Amino acid sequence: MQPSSCDTFVALPASTEGHRIIFGKNSDRPCDEVQEVVYFPAQDYGAEEKVECTYIEIDQVAHTYAVVLSKPAWLWGAEMGANEHQVCIGNEAVWGRESSDGDEALLGMDLVRLGLERADTAERAVDVITELLEKYGQGGPCMEDEGSFTYHNSFLISDRKEAWLLETSGRYWAAERVEGGHRNISNEYAIRTKIDKEHPEMREYARSKGWWDGKSQFNFAAVYSFMNTARIEASGSRCSEGKKLLEKNNGHITAETMMDILRDKDSGINMEGMFMTTGSMVSVIPTNPHLPGVHYFTATPDPQRSVFKPFIFVKYAHQLKQTTSPSYGPNDPVKKKPRFQSKPDRKHELFIKHELVADIIDTNKDKGKKITDSMRQLEKETMTKMEEILSRGIVQPDFLVNLFPNSVQEEMALYSKS
């Protein structure tokens with residue numbers, strides 16, 4: 001199986017409509033992997049508490065923010081998500097001259113979740129992730145098997161006013177502030193000469209390895225990449241096509257625009273095959289701090305035949321049970337050593353129902369079109385309701401505590417009719 005993995009996008013004013021930041025990501029993972037969407041409320045912790053991530057245990061902080069995450073069901077971290085302060089993060093697999101093989105440490109997906117739990121701005125998330133990276137390192141299998149699928153990570157991070165691109169190679173890193181326009185990343189290093197933050201020894205390390213002469217202008221991507229700048233053959237093409245789709249809508253980018261981009265199969269952004277798009281996310285973040293953000297997730301594979309469902313951070317938001325996978329606790333094969341000796345059923349309720357409908361869409365053209373049209377209509381009606389909240393704010397927060405679960409219920413009811 002040739003790994004291909006992920007595209008992440010952000011559009012800032014004035015490339016968007018309505019003084020909003022639009023964030024989006026397709027998570028491209030093994031086709032048999034289940035992605036769940038889960039919510040964790042804010043929480044306080046004691047001074048000596050620890051947090052068990054996918055492979056290692058680290059020090060916990062005194063307070064974590066509320067987060068909503070789209071994550072492979074077998075691990076602790078997340079592919080993408082948002083927090084109560086409207087910080088959004090998505091990660092990408094990247095490979096370069098520095099080997100990604102090594103001992104178990106923090107996964108890039110662990111760092112996504114940790115950044116969201118601990119940072120109230122995009123810039124602070126850069127600091128949180130890089131501090132953890134330098135302290136604990138990154139490493140370990142990134143698929144639910146004994147194979148050697150490992151990688152370094154890049155992160156696209158946004159909040160209400162700006163975005164940051166953070167790229168890593170082992171414990172070394174560089175970050176670039178994105179203050180306007182739009183930006184998209186795939187599976188290649190993209191930071192070049194504009195570096196706004198960096199590991200203090202990053203340049204000297206490159207010089208000591210013979211990757212940089214210490215005199216010419218420093219270009220992070222050129223120095224730390226393979227000669228072709230990407231291990232994944234299609235990455236450059238997907239990144240280029242994604243940029244074109246953003247530019248085509250420049251000045252008028254909306255949530256619908258971002259969903260259309262994530263659904264685009266011709267570009268390869270909506271991936272099919274052994275590696276496919278297993279979950280998608282689009283977030284709409286008004287720059288006005290008095291207005292809520294709306295975070296849409298599919299929790300199912302292939303956005304072309306999925307429904308984007310909204311989540312809004314409100315006090316007492318309920319757990320997302322229909323998109324939460326079964327838990328196996330300490331008996332989970334991921335936790336027991338040697339790891340990955342078996343693979344349990346991780347399908348959540350929505351995934352199971354969606355799987356049946358996806359099969360109908362694939363095998364019955366006429367019926368499949370009717371189902372897909374009904375899915376789009378449901379999505380459109382929900383987004384119209386969300387537009388009112390995005391424009392005027394939250395009037396009755398109690399009505400939103402079950403917003404995502406109710407949307408899932410409506411989707412499953414549609415499937416039952418089919």
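Leaving out neighbours within four places in sequence, E411 is in contact with V307, K309, L350, H354 and L378, where contact means heavy atoms within 4.5 Å. E411 is found in helix 9, residues 403-417. Helices (H or I, at least four residues) and strands (E, at least two) are DSSP runs, numbered from the N terminus. With a relative accessibility of 1%, E411 counts as buried. Buried means under 20% relative accessible area, exposed over 50%, and partly exposed in between (1.4 Å probe, protein chains only). The side chains of E411 and K309 are joined by a polar contact of 2.8 Å. A polar contact is a pair of N or O atoms within 3.5 Å; within protein, one must be able to donate a hydrogen and the other to accept it, and residues adjacent in sequence count only if both atoms are side-chain atoms.

The model is predicted: local features need pLDDT of at least 70, side-chain atom pairs count only at pLDDT 80 or more, and totals for chains, interfaces and linings use all residues. Residues are numbered from 1 along each chain as its sequence is written, and side-chain values use heavy atoms, with hydrogens and water left out.

D302 counts as buried, at 6% relative accessibility. Its side chain makes a polar contact of 3.2 Å with the side chain of K265. Neighbours within four places in sequence aside, D302 is in contact with K265, N270, M276 and T277.

Next come the nonpolar cores. A nonpolar core is a set of buried Ala, Val, Leu, Ile, Met, Phe, Trp, Tyr and Cys residues joined through side-chain atoms within 4.5 Å. The largest one has 78 residues, and those with the most contacts inside it are F218, F220, Y224, V282 and Y296. Helix 8, residues 365-392, gives the most to this core, with seven residues. Apart from this core lies another, of 46 residues, with L75, M109, V128 and Y151 among them. As for Y296, the residues that it touches include M259, V282, F308, K309 and M386, not counting residues up to four places away in sequence.

Five of its five residues are buried, so strand 1 is largely enclosed by the rest of the structure. In a regular strand the side chains alternate between the two faces of the sheet. Here D7, F9 and A11 point one way, T8 and V10 point the other way, and all are buried. Strands of a sheet pair through backbone hydrogen bonds, either parallel or antiparallel. Two strands count as paired if DSSP finds at least two bridges between them. Strand 1 pairs with strand 2 in the antiparallel sense over five bridges, and the bridge partner of F9 in strand 2 is G24. Four bridges join strand 1 to strand 14 (residues 182-185), again antiparallel, and V10 stands opposite R183 there.

Eight strands form an open sheet with antiparallel pairing, in the order 3-8-9-10-11-12-13-15. Strand 3 and strand 15 (197-198) stand at the edges with a single partner strand each, so one side of each is left without a neighbour in the sheet. Within the sheet, three bridges join strand 9 to strand 10, and A82 stands opposite C88 in strand 10.

The loop between strand 9 (80-83) and strand 10 (88-94) holds Q86. Most residues other than glycine have a negative phi, and most peptide bonds are trans. Q86 is not a glycine, yet has a positive phi of about 70 degrees. Q86 counts as buried, at 5% relative accessibility. Y316 also has a positive phi, near 70 degrees, but counts as exposed at 60% relative accessibility. Y316 lies in the loop between strand 18 and helix 7.

P338 is placed in the loop between strand 18 (309-311) and helix 7 (349-363). A cis peptide bond joins K337 to P338, with omega about -5 degrees. Another cis peptide bond joins P13 and A14, with omega about 15 degrees.
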